[in-house]
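Trainee: I am new to this structure and would like to learn how to read it. Please take one feature at a time.

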Amino acid sequence: MAQKEEAAGAAGATAAAEPAAPTSQNGEDVENLDDPEKLKELIELPPFEIVTGERLPVNYFKFQFRNVEYSSGRNKTFLCYVVETQAKGGQVQATRGYLEDEHATNHAEEAFFNTILPSFDPALRYNVTWYVSSSPCAACADRILRTLGKTKNLRLLILVGRLFMWEEPEVQAALRKLKEAGCRLRIMKPQDFEYVWQNFVEQEEGESKAFEPWGDIQENFLYYEEKLADILK
């Protein structure tokens, strides 16, 4: 079984057994700030917006993508994407990048359709692969369904590090509907995490560090794979 994340990690996580420290709207720790002006500035900052880029920081990947059972402190969704656009002549153009959200605005799945592929050319075919830190919520699943329903030239494969609120009947029903609509959904294997590390994570200039899997990565993959199979059967 996947193990609960006990210690605070990158991106501002706190141990599950401790009460959450006061934060600004942007989730920054304001507990130890002595400067009243700095405190006021943090509290009044607007909510996080969608962030896009080509490669995400190493510490974000190691914390947000880790396939733990309980995602304490992981209040973002990270979505790495590969879009292969094929013209009628057979030419294929591939683009890649990542999105992150703070759940204060559109979720990353919604933002993908609004900012990365805001419109679809019926003369083209789109093969899209997502590598997501957690599976879609019910609302995002509904948006995916609506997009697939009106965009017959789009094929979508979603690989997720862990399942989001998978015990909720509403979420289970949403995942089954995705499958019925032709969306392929599966749990990320250790090899998939390595692919994300190599293609979407910042590397030192002129140096590419090897992916170092965490100790329970295979165990947690099998745990979630079993849960997803039970949901989709």
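Mentor: In α7, the buried residues are Ile217, Asn220, Phe221, Tyr223, Tyr224, Leu228, Ile231 and Leu232. Buried means under 20% relative accessible area, exposed means over 50%, and partly exposed lies in between, with a 1.4 Å probe and protein chains only. Helices (H or I, at least four residues) and strands (E, at least two) are DSSP runs, numbered from the N terminus.

Trainee: Where do these residues of α7 fall when seen down the axis of the helix?

Mentor: The general idea is that an α-helix has 3.6 residues a turn, so residues three or four places apart point the same way. Here the buried residues of α7 fall within an arc of 160° and so line one face of the helix. The arc is taken from the directions that lead from the helix axis to the C-beta atoms. Against β5, α5, β6 and α6, these buried residues pack. A contact means heavy atoms within 4.5 Å.

Trainee: What kind of model is this, and how are residues numbered?

Mentor: This is a predicted model, in which local features need pLDDT of at least 70 and side-chain atom pairs count only at pLDDT 80 or more, while totals for chains, interfaces and linings use all residues. Residues are numbered from 1 along each chain as its sequence is written, and side-chain values use heavy atoms, with hydrogens and water left out.

Trainee: How many helices and strands does the protein have?

Mentor: There are seven helices and six strands. Read from the N terminus, the elements follow the order α-β-α-β-β-α-β-α-β-α-β-α-α. Of the protein's 233 residues, 41% count as buried. Among contacts with a separation of 6 or more, 72% come from residues 24 or more positions apart.

Trainee: What span should a helix such as α5 have?

Mentor: The expected span is 1.5 Å times one less than the number of residues. The twelve residues of α5 (residues 169-180) should therefore span 16 Å, and the end C-alpha atoms are 16 Å apart, which agrees.

Trainee: Which residues of α5 are buried?

Mentor: Val171, Ala174, Leu175 and Leu178 are buried in α5. Down the helix axis they fall within an arc of 100°, so they line one face. On the other side of α5, Pro169 and Glu180 are exposed. The packing partners of the buried residues are α4 (138-150), β6 (184-187) and α7 (217-232).

Trainee: What about the backbone around α5?

Mentor: Look at phi on either side. Just after α5, Gly182 takes a positive phi of about 95°. In the loop between β5 (154-162) and α5 sits Met165. Its phi is near 45°, a positive value in a residue other than glycine. Met165 counts as partly exposed, because its relative accessibility is 46%.

Trainee: At what angle do the axes of α3 and α4 cross?

Mentor: The axes of α3 (residues 108-116) and α4 come within 8 Å and cross at roughly 30°. In this contact, Glu109, Glu110, Phe113 and Asn114 of α3 meet Cys140, Arg143, Ile144 and Thr147 of α4. The contact residues divide into three nonpolar, two polar and three charged. Here Ala, Val, Leu, Ile, Met, Phe, Trp, Tyr, Cys and Pro count as nonpolar, Asp, Glu, Lys and Arg as charged, and the others, Gly among them, as polar.

Trainee: Is Thr147 buried or exposed?

Mentor: Thr147 is buried, since its relative accessible area is 1%. Leaving out residues up to four places away in sequence, Thr147 touches Phe113, Phe120 and Leu154.

Mentor: The buried residues of α3 are Ala108, Glu109, Glu110, Ala111, Phe112 and Phe113.

Key:
Axes fitted to C-alpha atoms, helices over the stretch in contact; angles between N-to-C directions.
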